[in-house]
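Subject: Structure handover

Hello,

Here is the structure for you to look over. My notes on what turned up in it follow below.

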Amino acid sequence: MEKVNCLIIGSGPAGYTAAIYTSRANLFPVLYEGIQPGGQLTTTNEIENFPGYPNGVAGFQMMEDLKKQAARFGVDIRPGVATSCDLSQSPYKVTIDGKRQIETKVLIICTGATAKYLGIPDEVKYGGLGVSVCATCDGFFYRKKTVAIVGGGDSACEEAIYLAGLAGKVYMIVRKNHLRATKIMQERVLNHPKIEVLFNTNTLGLFGEKAVEGAYLVKHTGTAQEEKFDVAIDGFFLAIGHTPNSAIFKDYLELDETGYIKTQGRSTKTAIPGVFAAGDVADPHYRQAITAAGSGCIAAIEAERYLAGISC
Ligand code: NDP
């Protein structure tokens with residue numbers, strides 16, 4: 001079994017920031033990249049609100065830059081996914097890819113969150129045949145075509161605008177009578193000539209012979225004005241939020257009702273000394289690249305103090 005000082009799981013802004021700080025503090029961190037190297041931002045189109053990029057930056061570019069910055073300070077960056085753990089006593093054990101065991105004094109969990117699906121069978125039936133959770137990855141296939149995107153948050157708005165730059169028409173399927181997104185994003189969507197927002201609308205299913213050709217929708221479900229209708233579409237995108245990637249820790253750490261790892265107050269400390277959680281896996285509220293990076297920094301400082309025997 002390999003023994004390390006500081007193990008970081010995850011390669012989003014939290015993981016890389018924790019890596020940069022712990023490396024510069026001579027903790028010799030080992031970072032496993034996880035299922036999606038670079039994290040969710042690699043599938044984000046343009047990031048306009050990360051301080052320091054006055055003209056915005058592509059998500060994958062920012063993550064490449066963070067990786068380079070971590071590598072510059074000697075972080076041992078490895079491909080691999082943490083598949084199980086034993087946090088019953090220190091040093092803590094983490095299994096990578098079901099086979100490789102690592103023992104660590106400090107564990108910083110930055111495993112992020114994964115896109116949610118509606119849970120209708122047609123999403124599975126048409127998986128890879130018109131259903132997607134990543135507009136940036138798959139939008140290209142729908143140039144001049146008609147697509148729908150479900151959701152009313154910032155992600156859905158951002159992706160609807162991105163899709164509208166490629167597709168001929170974008171339906172936005174919003175279950176409430178308003179968008180949850182920030183005002184500026186709402187305005188951009190509502191004023192976009194290629195986007196039609198379908199408020200109070202839910203998806204019943206999808207249809208199509210070999211791939212998605214349309215969606216069965218319902219407006220005002222369960223009311224006197226309930227109305228079922230179809231739209232012809234070539235692609236069906238989902239942007240309805242995320243589930244925190246905390247399942248392998250559930251036997252050891254306290255999670256909230258939606259699976260986010262609970263940390264103590266403003267710190268990244270979990271109930272287990274030497275185990276820290278940073279970024280989206282522990283953040284049901286803010287979920288921004290900048291807040292994730294900030295919490296990765298906090299985790300690194302707390303890890304350093306823990307190893308030095310300093311309480312903070
Ligand atoms: P949100 O949780 O903010 O929004 C999810 C949206 O999906 C809501 O409109 C929600 O509807 C809808 N939804 C959820 N479940 C279903 C369902 N089963 N059927 C239909 N609709 C559903 O998630 P986001 O991913 O948009 O954003 C997460 C966080 O990241 C937010 O804090 C956001 O501000 C931030 N963000 C910031 C960006 C930026 O600053 N550039 C870009 C993207 C995200 P309802 O409103 O009815 O609950």
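Which domains does the domain assignment of the chain give? Domain 1 covers 2-114 + 242-308, and domain 2 covers 117-238. Those bounds come from an automatic or database domain assignment. The C-alpha centres of domain 1 and domain 2 are 32 Å apart.

Some ground rules. This is a predicted model, in which local features need pLDDT of at least 70, side-chain atom pairs count only at pLDDT 80 or more, and totals for chains, interfaces and linings use all residues. Residues are numbered from 1 along each chain as its sequence is written, and side-chain values use heavy atoms, with hydrogens and water left out.

**Strands**

Helices (H or I, at least four residues) and strands (E, at least two) are DSSP runs, numbered from the N terminus. Two strands pair if DSSP finds at least two bridges between them.

Start with strand S1, residues 2-9. S1 pairs with strand S8 (residues 100-109) in the parallel sense, over seven bridges. Val4 sits opposite Thr104 in S8. S1 also pairs in the parallel sense with strand S2 (residues 29-32), here over four bridges. In that pairing, Ile8 stands opposite Leu31 in S2.

S1, helix H1 (residues 13-24) and S2 form a β-α-β unit that is right-handed. Right-handed means that, with the strands pointing away from the viewer, the path from the first strand over the helix to the second runs clockwise.

Next, an open sheet of three strands, in the order S14-S15-S16 with antiparallel pairing. Its edge strands, S14 (201-207) and S16 (227-232), each pair on one side only. Neighbouring strands of this sheet are turned by 25° against each other on average, direction ignored. Axes for that angle are lines fitted to C-alpha atoms, for helices over the stretch in contact; angles run from 0 to 180 degrees between N-to-C directions. S14 and S15 (residues 214-219) are joined by six bridges. Thr203 is opposite Leu217 in S15.

**Cysteines**

How many disulfides are there? The count is zero, where a disulfide is a pair of cysteine sulfur atoms within 2.5 Å. For Cys110, the nearest cysteine sulfur is that of Cys6, 9.4 Å away. For Cys157, the nearest is that of Cys134, at 17 Å.

Accessibility is a relative area: under 20% is buried, over 50% exposed, and in between partly exposed (1.4 Å probe, protein chains only). Cys110 is buried at 6%. Cys157 is buried at 0%.

**Aromatic pairs**

The whole structure holds five aromatic pairs. Rings of Phe, Tyr and Trp (its six-membered ring) pair if their centres lie within 6.5 Å; planes under 30 degrees apart count as stacked, over 60 as edge-to-face and the rest as tilted.

One of the pairs is Phe140 with Phe141, edge-to-face, at 6.1 Å centre to centre and 75° between the planes. Phe140 is partly exposed at 49%. Phe141 is exposed at 53%.

Tyr142 and Phe237 have ring centres 5.5 Å apart and planes at 80°, so this pair is edge-to-face too. It links distant parts of the chain, 95 residues apart. Tyr142 lies in the loop between helix H4 (135-138) and strand S11 (146-150), and Phe237 in strand S17 (residues 235-238). Tyr142 is buried at 11% relative accessibility. Phe237 is buried at 0%.

Best wishes
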